[in-house]
Amino acid sequence: MGGGRRHFLPNTTKDPEYNTKYGLRVDGQDLTKEWQNKQSAKGRNFRYVWNKGQFDSVDPQTTDYLLGLFEYSHMQYEVDRDTTSNGEPSITEMVEKAIRILKKNSKGFFLLVEGSNIDIAHHDTLAAKALTETVSMDQAVTKALELTNEEETLVIVTADHSHVFSMGGYNYRGNDILGLANPTDYEPPLDGMPYTTLSYGNGPGVNFTSGKRPNLTNVDTTAFDYIPQAAVPVEYETHGGEDVPIFSKGPMAHLLNGVKEQHYVAHVMQYAACVGDFKDDSHCKNTEPKPTCSACFITWDRVTFFLSFIGICLQQFYFV
């Protein structure tokens with residue numbers, strides 16, 4: 001489930017949602033139809049959906065295979081999302097539907113969930129939207145934990161990178177995170193101009209007038225379309241270089257602590273689920289229940305602001 005419908009449709013086929021847009025495929029293939037034909041040929045219970053109304057009508061008890069392509073390109077930001085039947089489901093709704101379908105498999109399952117709009121918002125330095133998407137990610141993780149058993153489900157949360165997104169100033173408790181930093185005797189700005197608590201190391205938010213930063217006194221810095229100030233002018237903000245946190249809960253979660261190389265995470269998932277290189281390992285031969293979800297992968301960027309998450313990784317679309 002996710003966006004990217006244009007990559008599944010031929011360039012001669014109109015998008016079902018946007019009459020002026022066509023698919024991008026030049027090979028003439030309609031992958032949505034090919035997928036349905038293959039599922040039908042195998043006698044499977046399947047559904048293809050492209051809007052929320054169709055998605056809501058999917059019964060997890062009678063559906064074993066689900067393909068959902070809800071946007072021509074990227075999924076909409078949560079604050080912009082059309083919540084009617086013509087719109088698209090939230091990431092939490094997709095997680096719930098996916099788990100209810102997958103958990104019917106007695107052999108267990110692997111689920112990857114990506115909060116990609118966090119990354120997209122940061123590249124455009126839309127801090128308010130990035131943080132709102134992070135809250136949505138937290139809600140999706142909470143739903144995943146509600147629907148799974150901690151004794152048999154390993155849940156991991158991490159990210160593949162950070163962003164040059166910082167929180168500065170000596171702010172009072174309760175000060176709006178999207179607002180201006182509190183006036184203080186500690187390190188006041190030398191130019192006398194107020195500044196926001198949140199800023200970017202680089203990005204499009206460089207707007208110096210006559211060599212000075214603009215006065216933000218009467219600017220609504222909490223608006224979803226507000227672009228915080230940045231130090232270096234670039235069209236799109238870049239990734240950061242520091243290590244990212246990783247959190248886990250469930251069987252073998254104790255193996256994910258301290259500083260680890262990225263590939264180590266995949267080995268832990270194999271080990272916990274008794275698959276791959278570890279399917280015949282001695283710990284897999286005991287009578288204790290094995291993880292039914294080798295990893296519910298739920299991921300985001302800048303996890304340092306929301307350390308309560310339990311989830312995992314990051315690609316380009318909202319793939320569930």
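**Figure 1. Helix α4 and the annotated residues.** D119 is found in helix α4, which spans residues 116-123; helices are DSSP runs of H or I with at least four residues, strands are runs of E with at least two, and both are numbered from the N terminus. The model is predicted, so local features need pLDDT of at least 70 and side-chain atom pairs count only at pLDDT 80 or more, while totals for chains, interfaces and linings use all residues. Residues are numbered from 1 along each chain as its sequence is written, and side-chain values use heavy atoms, with hydrogens and water left out. D119 has a relative accessible area of 12% and is therefore buried (buried means under 20% relative accessible area, exposed over 50%, and partly exposed in between, with a 1.4 Å probe and protein chains only). H123 also lies in helix α4 and is buried, at 18%. Leaving aside neighbours within four places in sequence, H123 is in contact with H163, Y236, E237, T238 and H239, where contact means heavy atoms within 4.5 Å. The unreviewed UniProt entry carries the annotation "binding site" for D119, H123, D160, H161 and H239; such annotations may be inferred rather than shown by experiment.

**Figure 2. The surroundings of K52.** K52 has its place in helix α2, residues 52-56. Its relative accessibility is 8%, so K52 counts as buried. Apart from neighbours within four places in sequence, the contacts of K52 are R81, T83, T84, S85, G87, E88, P89 and E93.

**Figure 3. The largest nonpolar core.** This core has 21 residues, and M1, F70, M94 and I99 have the most contacts inside it. A nonpolar core is a set of buried Ala, Val, Leu, Ile, Met, Phe, Trp, Tyr and Cys residues joined through side-chain atoms within 4.5 Å. Two or more residues each come from α3 (91-102), β3 (109-114) and α5 (127-147), and the largest share, 6 residues, is that of α3. The core lies between domain 1 (1-89) and domain 2 (109-161 + 244-319), because both give residues to it; the domain bounds come from an automatic or database domain assignment. Another core, of 9 residues, lies apart from it and includes I156, L256, M269 and A272.

**Figure 4. The buried side of helix α6.** In α6 (residues 262-273), V265, V268, M269, A272 and A273 are buried. These residues are on the same side of α6, because they cover an arc of only 115° around the axis, taken from the directions from the helix axis to the C-beta atoms. Just after α6, C274 takes a positive phi of about 60°.
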